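Open the model in your viewer and keep the selection panel within reach.

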Amino acid sequence: MNDAYAVDVEEVFKSFGSFKALNGVTLRVRKGEIYGLLGPNGAGKTTLIRLICGLVEAHGGTVTVLGRRMPDIAVLRHIGYMTQQAALYPALSVEENVRFFAAINGAEDGVREALGLVQLWERRGSVVSTLSGGMRQRCSLACALVHRPELLLLDEPTVGIDPQLRVQFWDYFRRMAADGTTLVVSSHVMDEADRCQRLGLIQYGRLLAEGSPADIRAQGGSQNLEEAFLALAGRRES
Amino acid sequence: MSGRRVRAITRRLLQGFRRDRRTVALLFVAPIVILGLLGYLMRGSSNVPNVGIASQDSGPLGALVASSLKSSSHIHAVDINASDGDAKLKDGSIVAYILFPADFTRQAQSGSVAPDVHLEGSQPGEDSPVLQALQESMISLASQVAGRSVNFQPRVHHLYGGRNYDTLDYFGAAFVGLVVFFLVFVITIVSFLNERSQGTLERLMASPLRRGEIVLGYMLGFTVLALIQSAEVLVFALAVLKIHNQGNVLLIFGMEALMAIAAVNLGIFLSMFARSEFQAVQFIPLVVVPQVLLSGIIFPVSIEPTALQWLSDILPLTYAVNGMRDIMVKGADLTSSGLQLDAAVVAGFCILLIVAGTATLRRRLA
């Protein structure tokens, strides 16, 4: 394992019953980069993210995160995970939610900074059940990054939020990457792909292509990332 | 009002149930299980209570009544020495003993008999078969022997409880524990499911938290609530309802706390087998009702059919209810081996459920 990689997924298989969610995926995420996991709904993005943070175990292959073979509970201290659904305690306030996730990671001193980053410090006393969807997503992000993880796994973090907030989110992500955090962001929105340093295109549980957005365009033979993706997907099927 | 729209709603409802086989099964299986259990409990080949007979009668009546009692279908009568009676009541080998005094036949001849009936008294359900059997045997025999009508006035003595005790005193002890057990179980199972359905459990599992820490944290949190509730229930039962209590209040509270901890862990464990709050609530009739029927709250375990006694013997509530009655009705303290056993079994169940809950946590998450 090369120390330059935060995540090293090697020939991973995962099935749910007869459905093959991941069918021999190999990909590597370099430390400090924003890696975009792209693919249509049901492609295997969420399964891959859950595998990286040890929530599911692979039926074959290996997953190495921050130098440790997964599942390894010791690594989890250094991982932040934002689930697709804003998983929060609705009866607690914004600050209470963030403070809870800080406490279980032993990082109570990060609460103010995390709430500042997602611009919820002023709303810290609001009860989560009274917040808008966008604010909940921001609170959920704060919970994922409050312990300053080395690796941040974001499962479709911008689904259901308005374009303005999406721009803000990507601004947070870039600032974190600049500070040395590795980010894995899954999305099925192609215009987000251009904001990543490297991309992995996933379909039917397989990695179709990997590289920088420019590489993907070149491999797909199109200036448009979406067309390049469709071309690569079509090539694999034929 | 449109018939078509109403039909659409009705059809939608039934379609949903078609895919939720578990709910359908519960809808049709649970009533049969519960009523079947009740039927077997009340009409199955019930065991009858053991009753000691001590006849000191110098005349023939005592022996005649004793032999009639031995053929009674209400009780299982055995000969004992009058001096052993109280000891046997205390060790639980008999639920009552009947003493015919030396002048018993003479009493009948003078028109009024008063045998002494000593009842254990902590479970009212065990008393009536004893008095019924005695009355049936007495009525015909006493008048045959005396050759005249005889007035039958047994002198009833209670080892525990007694005339000052009403129904609430007997059931109250058990219900104080049951109320706490039931409510804590429902709240725990539903909140643990919330943790799963709102996605926060997934987050917790992707954190450095260990499974045991999650279960223990939950247990402590709910236990705090349960202890406050236990204290409230206890104060209400003793101060407002004025349920008789012979025992130490702290011991009652301790037993309630053990029941609450068992209920918390039962809730956490069973939440692993439900996918929604709806399915969680379905555990109530299956988990709680049989325990209420079989734990001795209403029907004494000693007179249940033998097969149900085995079932009663593995239910935690049986021991909890027994412990509560031992404390409140019998005034037992921690030197009592019965109470030690009850507390140990309930505590053992708590540990078993903590281990089971922790072990099944990951399985349902993956």
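Start where the chains meet: select chain A and chain B, and you will find 16 residues of chain A in contact with 13 residues of chain B. Here, contact means that the C-beta atoms of two residues, placed from the backbone, lie within 7 Å. On the side of chain A that touches chain B, eleven residues are nonpolar, three are polar and two are charged. In this count, Ala, Val, Leu, Ile, Met, Phe, Trp, Tyr, Cys and Pro are nonpolar, Asp, Glu, Lys and Arg are charged, and the others, Gly among them, are polar.

A word on what you are viewing: this is a predicted model, in which local features need pLDDT of at least 70 and side-chain atom pairs count only at pLDDT 80 or more, while totals for chains, interfaces and linings use all residues. Residues are numbered from 1 along each chain as its sequence is written, and chains are lettered from A and ligands numbered from 1 in the order in which they are written.

Eight helices and ten strands make it up, where helices (H or I, at least four residues) and strands (E, at least two) are DSSP runs numbered from the N terminus. Its C-alpha atoms fill a box of roughly 55 × 35 × 35 Å along the principal axes.

Now switch to chain B and colour its strands. One open sheet has five strands in the order β2-β1-β3-β5-β7 (chain B), with mixed pairing; strands pair if DSSP finds at least two bridges between them. At the edges, pairing on one side only, are β2 (76-79) and β7 (155-158) of chain B. Zoom in on β5 (residues 116-119) of chain B, which runs parallel to β7(B) and is joined to it by four bridges. One to pick out is Val117(B), whose bridge partner in β7(B) is Val156(B).

Beyond neighbours within four places in sequence, Asn47(B) is in contact with Ser302(B), Ile303(B), Glu304(B), Pro305(B) and Thr306(B).
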